[in-house]
Amino acid sequence: MAHEDSRARLIAELQHAYSGELAAGHAYRGHWRSVRDAGERERIRTIEDEEWHHRRLVGEMLEGLGSGPRPLRELVFLLIGRTLGLLCHVVGWFLPMYGAGKLERRNVGEYEDAARYALGCGHPELVDCLLTMAEVEWEHEHYFRAKVEGHPWTRLFPLWPPLPAKEAIRGAGSPGRPQAGGSSSVAGGALVPERMEE
Ligand SMILES: [Fe+2]
Ligand SMILES: [Fe+2]
């Protein structure tokens, strides 16, 4: 993929993630407030904090790339997040847990894609942070999957396909690993190829 193409895709993916984290933050705020179990409240509250943290990191990346959020997307995702947060109080225990797991599954791949685009446009310093966020999203998916697995409602709402093992995020073929035969260097804590240009 050409350098400029990777850069455009990286910015689009980050803008998508930035607004997605806004929706997630508001949705989880409603979610943890709606559950009664103390352990679940605490875990989902922590997940909410992690989504706000991701949003800050992604915002900084966009700024560093000379870009920023898309205002209309921000507004739409704010409304989505607030609506989901309110719905958590009325739809019962299962659906918010199920919906969260399903959405989290997609987030993992989005941060992995962003890491690939970052490498493609000469920004290896972003790769470690992006893959760390993918790993955190993997943990979120894992938590919600474990919550709904075996629940009688999964006969009506089948579980989404499982993710590969968490180690695969930095495994063979990952942007965090050197290509076969290529030399590598450590940037931002992640192993990345020295030659980023495609
Ligand atoms: Fe996140
Ligand atoms: Fe998440």
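**Around Pro-162**

Pro-162 sits in the loop that joins helix H5 to strand E1 (184–187), where helices (H or I, at least four residues) and strands (E, at least two) are DSSP runs numbered from the N terminus. This is a predicted model, in which local features need pLDDT of at least 70, side-chain atom pairs count only at pLDDT 80 or more, and totals for chains, interfaces and linings use all residues. Residues are numbered from 1 along each chain as its sequence is written, while chains are lettered from A and ligands numbered from 1 in the order in which they are written.

Pro-162 is exposed because 10 other C-beta atoms lie within 10 Å; a residue counts as exposed at 12 or fewer such atoms, as buried at 20 or more, and as partly exposed in between, with C-beta atoms placed from the backbone. Although Pro-162 and His-142 are 20 residues apart in sequence, their C-alpha atoms are 9.0 Å apart in space.

Helix H5 covers residues 127–148, and its 22 residues reach 32 Å from first C-alpha to last, close to the 32 Å expected at 1.5 Å a residue, the expected span being 1.5 Å times one less than the number of residues. After H5 comes Gly-150, with a positive phi near 85°.

Over the whole chain, the elements run α-α-α-α-α-β-β from the N terminus on, and buried residues make up 38% of the 198 residues.

The mean pLDDT, the predictor's confidence in each residue from 0 to 100, is 90 for the chain, and 89% of its residues reach 70 or more. Over residues 180–198, however, the pLDDT is below 50. Where pLDDT is low, the predicted coordinates should not be read in detail.

Terms used:
Two residues are in contact if their C-beta atoms, placed from the backbone, lie within 7 Å.
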